[in-house]
Each structure stands twice: as C-alpha cells, then as structure tokens.
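Here are a few friendly notes to read alongside the model.

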Amino acid sequence: MSRKVTDKAVGDDRPVRHVKTVIIGSGFAGLGLAIRLSQQGRTDYLVLERGSDVGGTWRDNTYPGAACDVPSHLYSYSFALNPNWSRSFSRQGEIQSYIQGVAKKYNVLDKHIFDCDVTGARWNDDTAQWEITSSKGDFTADTVVSAVGALCEPNLPDIKGINTFEGEIFHSARWNHDADLNGKRVAIIGTGASAIQIIPSIAPQVAKLDVYQRTAPWLLPRVDRPYLKAEQLAFKHVPGVQRLSRAAIYAARETQVVGLAKFPALMQGFQLLAKAKLQYEVRDPELRKKVTPDFRIGCKRMLISNEYYPALSRDNVDVVTDGIAEIRAGSIVTKDGTEREIDALIVATGFHVTDSPTYETITGRDGRTLSEVFDEIGQQGYKGSAVANFPNMFFLLGPNVGLGHTSMVYMIESQINYISDALTTVDRLGLRTVEVRREVQDAYNEDLQAKLSKTVWNTGGCASWYLDKHGNNPTLWPDFTFQFRRLTKNFDVSAYATTTAPAEPKAV
Ligand code: N01
C-alpha cells in the first residue's frame, strides 16, 4: 500500500510505503525471523538491508582466514541443517553460501530491499506507527524489529595521526581485496578473534608483519578437521545422526557455562591447558613472556587457533607491546620512541558493541533516541528483545543475549520464538501498542547484573568490550542457553503495557 504523509520526518511529500512489520538487517537474525514470518503465513513484512546481500557479519568479514569458532553443525539454523559441511569448523565462504542457500530455499528474498540504509526510525504516538527513513525511500510500520546485531559497526581506534597514514589502511571487517600485501611491510593493530585468524594467513606472504598487541589473549586448541565423505553420507541419510552430533556439540559447549558464569575458579582447568599450549608452541622465552595474558581465562572471549603462536614465532613477525604513540604517513611510532616503517596497516580493533551508531537513529515514545536512553541507564532491555520507551519495537540480538562459548544462532532462534509469538499475540488480542513495563525491565536487569557480577567476565581482571562505561555487562547472557530458550518460549504479554485500537464509531 502506498500513501502520502505530510510529516516532515517521513515523506515530506515523497511516497511512503506502509507495511505491517519492518525487519532491519538480514544476517542470521533478520533472515531467520523473515523465514518464520513467512512460515506463519504473514506476507505484509519487509526486510531492509543496507548491504547488497543477506549474511550480515558473514557477508562483511571476508578477511583471509575468516572462519567460525563454533562447530558447523551447531552454527546453523535448527530448521535448515546442512549435512554437507566440509569441515568441523566452517570457513566464512561456506557459511555465507549456506545463508544465501537458506534465503533462496525459504523463498524470502523478494521480501528484501537491499542497499537500503535505514537512516532513521521514529515512533509516532498519534498514529501508533514507526516512521522510517532510508536510502531507498520512506516507510511506516506497525512494528519494527531491529536485527542489526552487535558486530556490524567497525570500531576505528582514536590514535593520533591515523588519518595521515598514506599507505593502504583498512578494518578487518572491510578487507580491501585489491590491496596487494605480497612482499609488503604490514602492521596489524589488535590481537582479538579476527586478528588471530588474519595473522597466520598473511604472515607467509608479507615481507614483515608488526603485530601491535595491547592485551595478550588466551588461546585453546582448534580441533578442526575436514569431514569424511562417509560422515557426510551418514549426516544426510542416517536418521538422527546429524541431530545427535549437534546435540553432543551443544551439550559439550554448555558445560563451559559452569566455569564462565557460575564458578569462575573452575576456569583454572582451561587456563592450565592454554598455558601448556603456550609453553609448547612459543619456544622463545621473551616472546612467551609478551604473549602470556595477565587475567583469568574466559574474562575475554577464549580464542582457538593452532596457527597463531607458530605465526608469531616466524622471523618476519614481531609482537610490539610498547603501545602506539602516533601513526605517521609511512610509519608507526611507539611510546618508547621507536619508529617502524610500514606500507600497509590493518585495523583489527573490533566493533562498536555497547555504543552502536545505529542507536542514534531510533527515536522512541518520549522523543529520546535509543542512544540517549542507553547513555542514561546503560544498555538495558527485557529478554534482549524489547526496551521500555520503544513501543512496538523488538530486538534480535539486543542487550544481554551475547555468548562467548556457543552458537549465537541458538539465541537468535529463541528470540525468533518470542518475537513471532509477540506478533501473533498482538493480532490475537487486537493490540495497538505493546511496550515493556519499565519496572519489569528494571527488575529483570537487577537480576541479570546480580548474576553477572559473579561471572568470570566481570571478575576475571580484564577490560573487555563486554563491559560498558557504567561497569555493567550489557552484552552477555549469564546462564545456560537453555534457560534463555525457556524464558523466551512464549510472549509474556503481562510484562508489557498495552493499548487497544479505539472502537470504530458505529454507523447510525
Ligand atoms: O575484535 P575484538 P575482533 N589500540 O574487540 C585491540 C567475533 N568474532 O574483531 O584487548 C590498540 O575482540 C583490542 O585490544 P584489548 C567475536 O565475538 C567471531 O577481533 O582491548 N589496540 C583487541 O586485541 C569477537 O569477540 C569470530 O586491549 C586496540 C582487538 O583490538 C568479536 O567478533 C571471528 C585498540 C579487538 O578485538 C570481535 O572480534 C572473529 C587501540 N586503540 C570475530 N582498540 C568467530 O570465529 C582495540 N584494540 C565466530
């Protein structure tokens, strides 16, 4: 349906398209919800995606070595198992092909508008609709679901002189495949999950690689291998084998929650394993000292790699720990005054997780943006799926649904259950608006933060992007993931303030 609206924020005499539900983003989360809505027989929805394809983070992160650190059979939709995974831990290209294949198979691509950058979403209390502006036109919607995810906005470091660098410079999530690194002097800033995959992949081809490390990560072995044809045949043809494999991976991963979230002292076992790996793989005592972490394992995401330490031990690789003072046109100067010349700079410094710029574009009931609300109270929500002051808006991958130990797709599917049930409930009860009650949200967050205060993420002695400037942990789920699945099984409308549509005046 198309109509004209006069409101300046939306339309301004441009045509406005109304849809019942708008989903923003088509990564694992947005795409999964779109499929569910189609399965429920809903046709009046659209997915607005700023990229030109589905896939989200798996579309964007094409850096050399990009791969998943959760096993393939778990890191996939439960309704679209893939017996053909080539390895136990999939690489980026294979995951992206899987996501594309699922989008095609479930026939939801015609519900997508690609290259559609959502520039604003504003709640209109009079019409009880969201007014959405985008690079592909204006929309109104009864309900908006934000599925933009936490790892979509690259976080560029605020280092003196970084804008004056004249060589190739790019973020890990925006890899420039035209840049030829062969035989070049390259620097990489960061030693997180992305960097530890990039470093071994490019070290053999570059002349020199300087790794600028601020905090040494803990590493565990990566038990990765190609699947045998016989295994793939069994996954495909023997009933239950793939489900069993998935369940076994899920159960094994879930045992980590006991140490991470309940009894951090138990992480000592993992730490001994990581220490032994470090001792064995890093022979040079000076390098070993540099890359030995000084916090409890698990406080930051535990990384898995068998190639990282051997890459750091190469003759053409240096780990620099002195801290960057300045970046110049062709070099990096560290705080001890050493200047190292480089031709290219890779910035693997992570994402805006607790301060996403997308928060500035969403304006709620009282005229404040999500960013202003979060600035005041911290990034808080209810079941990761709703935020008070933002009626008829749901979030996939909202506050406190993040994980470090297992598949985010599991959490996403839990939220899809909740949000799709919310939409059904709204229809069934004829609701005009639903907004989570502030007191319910507050109580939920008090309970969450009390649980989080005992976890290794809060007590492990590290500074991580899991924590915000208030010292709270607004990112992680502090319990077993099956508890979250239980909590999101049904939409609990009683936690929400609701209004119903005014009755139509009776004809006389
Ligand atoms: O980012 P990060 P990432 N000067 O934030 C350093 C997921 N992921 O892109 O530790 C110098 O982890 C920073 O140092 P420090 C996964 O959830 C998954 O690597 O803050 N250094 C750190 O070393 C992961 O957690 C896979 O002291 C600076 C690094 O940059 C998330 O993505 C693969 C700096 C940033 O590490 C993000 O990972 C890859 C500065 N100013 C990623 N600022 C899978 O396999 C930051 N750093 C599923």
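How many Å separate the centres of domain 1 and domain 2, taken over C-alpha atoms?

1. The answer is 31 Å between the two centres, computed over C-alpha atoms. Please keep in mind that this is a predicted model. The domain assignment gives domain 1 as 6–152 + 352–500 and domain 2 as 162–217 + 255–347, so each domain is written as two segments of the chain.

2. On the interface between the domains, 29 residues of domain 1 and 28 residues of domain 2 take part in the contact. About 2400 Å² is buried between domain 1 and domain 2. Carbon and sulfur atoms give 56% of that area.

3. Now to helix α1, residues 28–39, and its packing on helix α12, residues 408–429. Because angles under 35 degrees count as roughly parallel, α1 is oblique to α12. The crossing of α1 over α12 is right-handed.

4. Which residues make this contact? From α1 come Phe28, Ala29, Gly32, Leu33, Arg36 and Leu37. From α12 come Val409, Ile412, Ile416, Asn417, Ile419, Ser420 and Leu423. Sorted by class, the contact of α1 with α12 holds nine nonpolar, three polar and one charged residues.

5. Helix α1 also packs with helix α3, residues 92–105. Here the angle is about 20 degrees, with the axes 11 Å apart, and α1 and α3 are therefore roughly parallel to each other. In this case α1 passes α3 in a left-handed crossing.

6. For α1 with α3, the contact is formed by Phe28, Leu31 and Ile35 of α1 together with Ile95, Tyr98, Ile99, Val102 and Ala103 of α3. By class, these are eight nonpolar residues, with no polar and no charged ones. If you look at Phe28, you will find this residue in the contact with α12 and in the contact with α3.

Conventions:
Residues numbered from 1 in each chain as written. Predicted model: local features only at pLDDT ≥ 70, side-chain atom pairs only at ≥ 80, totals over all residues. Heavy atoms only, no water. Axes fitted to C-alpha atoms, helices over the stretch in contact; angles between N-to-C directions. Helix = DSSP H or I, 4+ residues; strand = E, 2+ residues; numbered from the N terminus. Parallel < 35°, antiparallel > 145°, perpendicular 65-115°, else oblique. Left-handed = near helix turned anticlockwise from the far one by under 90°. Contact = heavy atoms within 4.5 Å. Nonpolar A, V, L, I, M, F, W, Y, C, P; charged D, E, K, R; others polar. Buried area = accessible area lost by both parts, 1.4 Å probe.
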